[in-house]
Amino acid sequence: MATAQSRSAARLMMTPAVVLLLGWMLVPLIMTLYFSFKRYLPLRGGDLGWVGFENYVRFVTSSAFWPSVQTTLIIVGGVLVITICLGVLLAILLDQPMWGQGIVRILVIAPFFVMPTVSALVWKNMFMDPINGLFAHLWKFFGAEPIQWLSQASLPSLVMIVSWQWLPFATLILLTAIQSLDSEQLEAAEMDGAPALKRFWYIILPHLSRAITIVVLIQTIFLLAIFAEIFVTTGGAFGTKTLSYLIFQRVLESQNIGLGSAGGVYAIILANILAMFLMRIVGKNLD
Amino acid sequence: MGRITLDQVTKSFGEVNVIPPLDLTIEDGEFVVFVGPSGCGKSTLLRLIAGLEDVSSGQIRIDGNDATALPPAKRSLAMVFQSYALYPHMTVRKNIAFPMKMAGVPEDEQKRRIESAAKALNLADYLDRRPGQLSGGQRQRVAIGRAIVREPAAFLFDEPLSNLDAALRVGMRMEISELHKKLDTTMIYVTHDQVEAMTMADKIVVLQAGIIEQVGSPLDLYRAPRNRFVAGFIGSPKMNIFEGEEAKKHNAHAIGIRPEHLTASKEGGTWKGTVGVSEHLGSDTFLHVHDTGLDETITVRVGGEFDAHHGDTVFLTPEQDKIHRFGADGLRID
Ligand SMILES: Nc1ncnc2c1ncn2[C@@H]1O[C@H](COP(=O)(O)OP(=O)(O)O)[C@@H](O)[C@H]1O
Ligand SMILES: [Mg+2]
C-alpha cells in the first residue's frame with residue numbers, strides 16, 4: 001500500500017465490504033432508534049406517532065428492568081468465571097501427552113457444535129427433569145429429594161447449561177495459548193526452584209493472560225445476547241429474565257415495538273459500559 | 001563446591017540410544033566445555049546433569065552425594081539456556097529475583113545480590129525494563145544474572161552465545177571467562193564451536209554420537225588428538241588429513257598436518273601444487289592448494305603479506321615433528 005495508485009485501488013476494492021457492513025449495522029441501529037421514540041403497537045393501531053422519551057422512561061421504571069439487568073450480569077459473570085477456570089484446567093490437561101489425545105480433544109470441543117436450543121432442551125429433559133432426569137435419578141440413588149432444577153435453582157441451572165456450551169471455546173483458545181509457551185521457560189523456572197503450583201502461578205497464568213482477555217471479551221459479547229437457552233427452559237420465569245429476553249417479551253408478547261426498541265437501546269448502552277469496563281480491567285494485557 | 005561425577009550414565013529416548021555408557025568427572029572450580037557437532041548429545045548430557053531429563057541408567061554424583069533422583073531445584077545448579085528462557089512478563093529485576101524469591105531469600109539480601117549482579121553484568125540501567133525491550137546481549141546478561149544470584153555449586157550453559165552476532169560473541173566469551181575467574185565456580189559449557197571451546201575451557205570434552213572421544217586441556221587436544229575425529233574437529237582451519245603414499249612413508253594409514261605447520265615457498269619444497277583460493281585475513285593468509293597428489297585440497301597458513309594468486313605454483317614443506325600419524329582404526333599412533 002505504498003503508492004497513491006495502490007491506495008486508491010485498495011479503497012475501491014474495500015468499498016463493497018465497508019458499505020455492506022455499515023449498512024448491516026447502521027440500518028437496524030437507526031431503525032431501533034427511530035421506533036424507540038414512537039408509540040408503535042402493530043396489533044392495536046400501528047404507528048401512533050412520536051412520543052419523545054416516554055418509552056425510555058417506561059422501560060426503566062418497569063419493575064422488571066433492574067432485576068433483568070441483574071440477571072444478565074449474573075449469567076454473564078457466572079459463565080465467564082466457570083468457563084475460564086475450567087478452561088484453564090482443561091487446557092493444561094489436554095496439553096499433556098496422553099493416549100487418544102485426538103479423540104479426547106474432539107470430544108471436548110463437541111458441545112460447541114450443538115445448537116443452543118438443542119443443548120438446552122437436552123439438559124432440560126435428560127438431566128434436569130425432576131422425575132426422569134439423570135440428576136433426579138442420581139439424587140434418588142443417594143436417597144435425596146430430587147431438585148426442581150429449573151424452578152428452584154433456575155439461575156445456577158442456566159449458568160451451568162450456558163457454561164457447558166462455552167467451555168469448549170475457552171478451552172480451545174487457552175489450549176493454543178498454552179501450546180505456544182516456550183518449554184524452556186518452564187524448565188528454567190523448575191531449575192529456579194519453583195514447584196508445579198508456583199510455575200502455574202508465575203509462568204503459565206501470566207502467559208495465558210492475553211488469551212484470557214480475548215476469551216472474556218468475545219464471550220461477553222455473545223453471552224449478553226443469549227436467548228434460546230432461556231426461551232426453551234424457563235421461558236423467562238423464575239427470575240431468569242435477562243435484558244434481551246425482556247426486550248423480546250415487550251416486542252412480541254406485549255406487541256409494543258416502541259418500548260422494546262427503547263430496551264434495545266439500553267442493551268446497547270449496557271454492552272458498551274460492560275465492554276469499556278472489561279477493557280479497562282484487562283486492557284493492560286492487550287498492549 | 002561443585003564436583004560432578006557421571007558414572008556409567010546412559011540415556012535413550014525410546015529405542016534411540018543417545019548416550020551410551022559414559023564416565024566423566026568434573027572437578028570443583030573447573031571450566032569444562034562439551035564440544036561436538038550438532039545432534040551429538042551435548043544438550044542431552046547437560047540436561048541429565050541438570051536433572052531436566054532422567055538418566056536411563058547410571059549415577060550422577062554432585063560433591064560425592066548421589067543426585068541421580070534429585071529434582072532439578074535440589075541440585076543447586078543454575079542453567080543458562082540457549083533461548084535465555086527469561087520470563088517475558090517480569091522486569092529484569094524480577095527475573096533476577098525469581099530464584100531467590102522461590103528459595104525464600106530475605107528481601108534486603110535479594111536486593112544486595114541483585115545490585116551486585118547488575119553491577120557485574122552492566123545491567124544497572126535496565127533493571128526496570130522487560131526482556132522484550134533488551135538486545136540479545138543484554139538478555140544474555142540477564143540470564144547469567146539470574147543464574148549468579150542463586151550462588152549455585154555449578155553453572156550450566158547450553159550454547160549461550162549462538163544467538164549473538166560475531167562481535168558480541170567474542171565480548172561475551174571473555175565476560176563469561178572473567179566471571180569464571182572471579183567466582184571460581186564450576187562451569188559446564190556446551191557449544192558446537194571449537195573456537196569457544198579452545199578459548200574458554202580448562203578442560204574440553206569432545207563428543208561424537210554421545211561417545212566421549214577425548215578429554216583434555218585445549219592444548220593437549222591440539223597437540224595430541226587421540227583420533228582422526230578430534231584431529232579434524234579441534235583447530236581452525238581444519239587439519240589436513242590424507243591417506244595414501246605419503247602416509248605409508250610414515251608407516252601410518254593416514255597422516256595429518258595442521259595448516260600452520262606447513263610452510264609455503266615459491267622456490268622449492270616437499271610437495272608441489274597450485275593455488276586455488278587464497279583467503280587474505282590481513283594477519284594471515286590461508287592458501288587452498290590443489291594438485292598436490294595428497295588430497296583434494298591442502299590448506300596452508302602463510303604470512304599475511306605472502307603474495308600468491310589463483311593458479312600460482314607453490315611448494316609446501318611440513319614440519320616433520322608436527323606430523324600426526326593415524327592407524328587404520330583412526331586412532332593416533334605415537
Ligand atoms: N526429547 C527427545 N526425544 C527424542 N529424541 C531426542 C530428544 N532430545 C534429544 N533427542 C535426540 O538426541 C540426540 C541428541 O540431541 P541433543 O542433545 O539436543 O544434541 P546437541 O545438543 O548435541 O545438538 C539427537 O539425535 C536428538 O534427535
Ligand atoms: Mg543442543
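In what order do the five strands of the open sheet in chain B lie? The order is β13-β17-β14-β15-β16, and the pairing is antiparallel. The model is predicted.

**The open antiparallel sheet of chain B**

- The five strands of this open sheet in chain B pair in the antiparallel sense. Its edges are formed by β13 (262–265) and β16 (297–303) of chain B, each of which pairs on one side only.
- From one strand to the next, the twist averages 45°.
- Within chain B, strand β14 (residues 271–280) and strand β15 (residues 284–290) are joined by six bridges in the antiparallel sense. In this region, V275(B) has V289(B) of β15(B) as its bridge partner.

- Strand β3 (residues 31–35) of chain B is mostly covered, with five of its five residues buried.
- In a regular strand, side chains alternate between the two faces of the sheet. In β3(B), F31(B), V33(B) and V35(B) point one way, while V32(B) and F34(B) point the other way; all are buried.
- β3(B) pairs in the parallel sense with strand β8 (residues 186–191) of chain B over five bridges. The bridge partner of V33(B) in β8(B) is Y189(B).
- β3(B) also runs parallel to strand β9 (residues 203–208) of chain B, to which four bridges join it. Here V33(B) has I204(B) of β9(B) as its bridge partner.

**Helix α1 of chain B**

- Helix α1 (residues 42–50) of chain B is mostly covered, and eight of its nine residues are buried.
- G51(B) follows α1(B) and has a positive phi, near 95°.

**Aromatic pairs and a cluster in chain A**

- Over all chains, the structure holds 35 aromatic pairs. One of them joins F37(A) and F53(A) in an edge-to-face arrangement, with 5.2 Å centre to centre and 90° between the planes.
- F37(A) lies in the loop between α1 (4–36) and β1 (38–41) of chain A, and F53(A) lies in the loop between β2 (46–50) and α2 (54–61) of chain A, so this pair ties together parts that are 16 residues apart in sequence.
- F37(A) counts as partly exposed because its relative accessibility is 23%, which falls between the limits of 20% for buried and 50% for exposed. F53(A) has a relative accessible area of 56% and is therefore exposed.
- The pair of F65(A) and W66(A) is edge-to-face because the ring planes lie at 75°, above the limit of 60 degrees. The ring centres of F65(A) and W66(A) are 4.9 Å apart.
- F65(A) is buried, with a relative accessible area of 5%, whereas W66(A) is exposed, with 58%.
- One aromatic cluster is formed by F37(A), F53(A), Y56(A), F59(A), F65(A), W66(A) and Y266(A).

**Charges over rings**

- In chain A, K38(A) lies over the face of W50(A), at 4.6 Å from the ring centre.
- In chain B, the charged end of K266(B) sits over the ring of F306(B), 5.9 Å from the centre of that ring.

Methods: Residues numbered from 1 in each chain as written. Chains lettered and ligands numbered in written order. Predicted model: local features only at pLDDT ≥ 70, side-chain atom pairs only at ≥ 80, totals over all residues. Heavy atoms only, no water. Pairing = 2+ DSSP bridges. Helix = DSSP H or I, 4+ residues; strand = E, 2+ residues; numbered from the N terminus. Axes fitted to C-alpha atoms, helices over the stretch in contact; angles between N-to-C directions. Buried < 20%, exposed > 50% of the residue type's maximum accessible area, 1.4 Å probe, protein only. Phe/Tyr/Trp six-rings, centres within 6.5 Å; stacked < 30°, edge-to-face > 60°. Lys NZ or Arg CZ within 6 Å of the ring centre and 35° of its normal.
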